[in-house]
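The sequence and structure come before the details.

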Amino acid sequence: MATAKAHTNIALVKYWGKRDETLILPWTDSLSLTLNEFYTTTKVTFSETLEHDNFYIDRILVDQKNNQKLTNFMNVAREKIGLTYFANVESFNCVPISAGLASSSSAFAALAGAIYEASGVDYTLNDVSKLARRGSGSATRSVFGGLAEWKKGSTDDDSYAQPIQETVDFGIEMIAILLDTTKKKVSSRLGMQTTVDTSPFFNEWVKVVEKDMQIMHQAIEKKDINLIGEIAESNAMRMHSLTLSASPSFTYFNADSLLAMQEVEKLRTNGVKCFYTMDAGPNVKVIYDRKNRETILQELSKVFGRDRLVVSQPGPGIEFIK
């Protein structure tokens, strides 16, 4: 038995597109910020008396017909670690599911960590990162705190995340604007596959990410929050432009997403440096220097209300709860 807690991460340089759907190997590297406000806590209990895995999400038993992805993940874990027992898995989320808030990143990172810890085998956090990737690509980064990079690799063994700066020593923060926390219509997995298969601009996206990664590393080294924000905003919008160029085209934006972006741009026009990014969902995240937090909150609250704004500092890596 073991319990692990992992936090979500928001990519500053996005991962969008797999070259291996089974192993979840991406076309590009990616880089993210782990957030302290959104997390998943998961308890795994292996038992020789169980005849199958049981999954409880927020105390609700997942129907056997609807848990194939989780069952497949557990089978991968058993094969990797050399286990034969089934398990009870109890997961609690402090993040809306399938709303573009990276719920899968914390969920599979916590699950992978709890599996390894409960198994009793020797392991490294790289092992946890590799296993987490098999559930959700972004989960590979949530094993680590602060700023982390997922190296695309070329095999199941060399595609994993590594920390860049686990304890962030400069003032970067992020506000999540909770615009719509219902389940999105187009899953990230389907959206990526459609984009890779049909967008005429996907090959250019791969080149864009390579350049953005280089500049982002330089910006982090300089602790230049404005440059980090500029790259993240540009990278995100280029990613979302791919969805519009796919066939059939689709978008994760809604009217409030566009409004939020306009409000951030208005703040910049008025001399308050802040930048937006979005994952595969309508909710907008705002990147800024913490010295500007209160001004940004005050202005955004006028439009969206304070209760829809969640302030997050850089979060920790995976933790094991005794």
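Phe320 counts as partly exposed because its relative accessibility is 28%; buried means under 20% relative accessible area, exposed over 50%, and partly exposed in between (1.4 Å probe, protein chains only). The model is predicted: local features need pLDDT of at least 70, side-chain atom pairs count only at pLDDT 80 or more, and totals for chains, interfaces and linings use all residues. Residues are numbered from 1 along each chain as its sequence is written, and side-chain values use heavy atoms, with hydrogens and water left out.

**Ring pairs**

The whole structure holds 7 aromatic pairs. Rings of Phe, Tyr and Trp (its six-membered ring) pair if their centres lie within 6.5 Å; planes under 30 degrees apart are stacked, over 60 edge-to-face, and the rest tilted. Two of the pairs are listed here.

| Pair | Type | Centre to centre | Angle between planes |
|---|---|---|---|
| Trp16 and Tyr252 | edge-to-face | 6.1 Å | 85° |
| Tyr123 and Phe320 | edge-to-face | 6.5 Å | 70° |

Trp16, in the loop between strand E1 (2-13) and strand E2 (18-20), is 236 residues apart from Tyr252, in the loop between helix H7 (225-245) and helix H8 (255-269). Helices (H or I, at least four residues) and strands (E, at least two) are DSSP runs, numbered from the N terminus.

Tyr123 sits in the loop between H2 and helix H3 (125-133), and Phe320 in strand E14 (residues 319-321), 197 residues apart. Tyr123 is partly exposed, with a relative accessible area of 23%.

**Nonpolar cores**

A nonpolar core is a set of buried Ala, Val, Leu, Ile, Met, Phe, Trp, Tyr and Cys residues joined through side-chain atoms within 4.5 Å. The largest has 71 residues, and Leu12, Val44, Leu111, Ile115 and Met216 have the most contacts inside it. Helix H2 (residues 103-119) gives the most to this core, with 9 residues. Apart from it lies another core of 20 residues, including Ile175, Ala260, Ile296 and Leu300.

Leaving aside residues up to four places away in sequence, Met216 touches Leu12, Val13, Leu31, Ile228, Ile231 and Ala232; contact means heavy atoms within 4.5 Å.

**A buried serine**

Ser199 lies in the loop between helix H5 (188-198) and helix H6 (202-222). Ser199 counts as buried because its relative accessibility is 9%. With residues up to four places away in sequence not counted, Ser199 touches Thr194, Leu242, Ser245 and Ala246.
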